[in-house]
Amino acid sequence: MNITKSPLSVFLNAFKYKSTIDYSKFPVLNEEEIDEQFIQGHGPGGSNVNKSANCVLLRHIPTGIVVKCHESRLLQKNQEIAREMLHRKLDEFLNGDMSISAQKKRIEKEKFLKKQKKNEKLRDHSNYDEEDLQLETLSVSIQEHLSELINSFKDYFPDIPSNNMWTKDPFSVDIEKEEKLNLSEQEVDNLIEISCDTDLKKVFESVSLINFWLGCQKEYSSVSEKVIQFLMPFVTTYTCETAFSDLVYLKNKYRNRLDVKPNLRIKLTSLSPNLKLLCDEKQHHPSH
């Protein structure tokens, strides 16, 4: 029996720690390696607790790790929680300080120490009046936020290697150093023709970088295809980050029953809906 978490809960948990947690060593929990037993529970909850075998006992056969769960009256819920507990304990057993729980504890500790340091810094300015203190607090928060944005941006978009700078501006590259460009003979010829074309230079100055290279596909296919393959990860990363942010905004505690799929499609599309046409196709309610 395979019991999995909801995709949204997995996504939100991963999104919270995505830039700092290493999930590469997280072990796989195979059902074939689990010995599962259902036993009678104990504790508060009436006489039915001692009569129903809804307490789940799991043993991981290769390591001998044992967990027991009786947090719910529902057997299926206890099975799900027990597997999460076993998965976490297996990760701690195999990876130690590099387990997911250990990494999260370190992150929380770092956040606590950072906040503590921030509060100490604010206390040093206790002679300021209330307005100055509020401005100082706001300034510190903005600086920390901008610093985190810069670090995150550098992770996702590292500096372009010198041998690929021609993709950014084909009209300012030194073609004579072609051995450093890592291009074939045909691609170098294409790049020379592009850099000497004054009409293309005007187009380059008036459109976006990706649209410029897409326009060169027909005439300079070899070099333009190479550029597009190089630029695609940047576009894909931006689209994914936008989708993550929109999903967190749409699926919040006030709209937890919302069917997010159609709403997310509308949020991400570049097309503008014809609201008048959509409203005209529906029957108007008299009270509206």
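I began with K226 and E187, whose side chains meet in a salt bridge at 3.6 Å, N to O, in what is a predicted model. K226 lies in helix α8 and E187 in helix α5 (residues 185-195), so the pair ties together parts that are 39 residues apart in sequence.

Within it, R83 pairs with E31, and their closest N and O atoms are 3.0 Å apart. Because R83 sits in helix α2 (residues 75-95) and E31 in the loop between α1 (7-17) and β1 (34-39), this bridge ties together parts that are 52 residues apart in sequence. R83 is buried, with a relative accessible area of 6%, while E31 counts as partly exposed at 24%.

I also looked up D35 and R59, which form a salt bridge at 4.0 Å, N to O; D35 belongs to strand β1 and R59 to strand β2 (residues 55-60), 24 residues apart. The count of salt bridges comes to 6.

I turned to the cysteines and found 0 disulfides. The cysteine sulfur nearest to that of C55 belongs to C69 and is 7.2 Å away, so C55 is in no disulfide, as that would need sulfur atoms within 2.5 Å. C55 is buried, with a relative accessible area of 2%.

Last, I checked the surface, where E185, D189, E193 and E219 gather in a patch of negative charge. E219 is found in the loop between α7 (209-215) and α8 (221-250), and E219 counts as exposed at 60% relative accessibility.

Definitions and conventions. Residues are numbered from 1 along each chain as its sequence is written. This is a predicted model: local features need pLDDT of at least 70, side-chain atom pairs count only at pLDDT 80 or more; totals for chains, interfaces and linings use all residues. Side-chain values use heavy atoms; hydrogens and water are left out. Patches are made of residues with over 30% relative accessible area and no salt bridge: like charges are joined within 9 Å, nonpolar side chains (Val, Leu, Ile, Met, Phe, Trp, Tyr) within 5 Å. Accessible areas come from the Shrake-Rupley method with a 1.4 Å probe; for residues, only the protein chains shown count as cover. Lys and Arg count as positive and Asp and Glu as negative; His and the chain ends are not counted. The place of a charge is taken as NZ of Lys, CZ of Arg, CG of Asp or CD of Glu. Helices (H or I, at least four residues) and strands (E, at least two) are DSSP runs, numbered from the N terminus. Buried means under 20% relative accessible area, exposed over 50%, partly exposed in between (1.4 Å probe, protein chains only).
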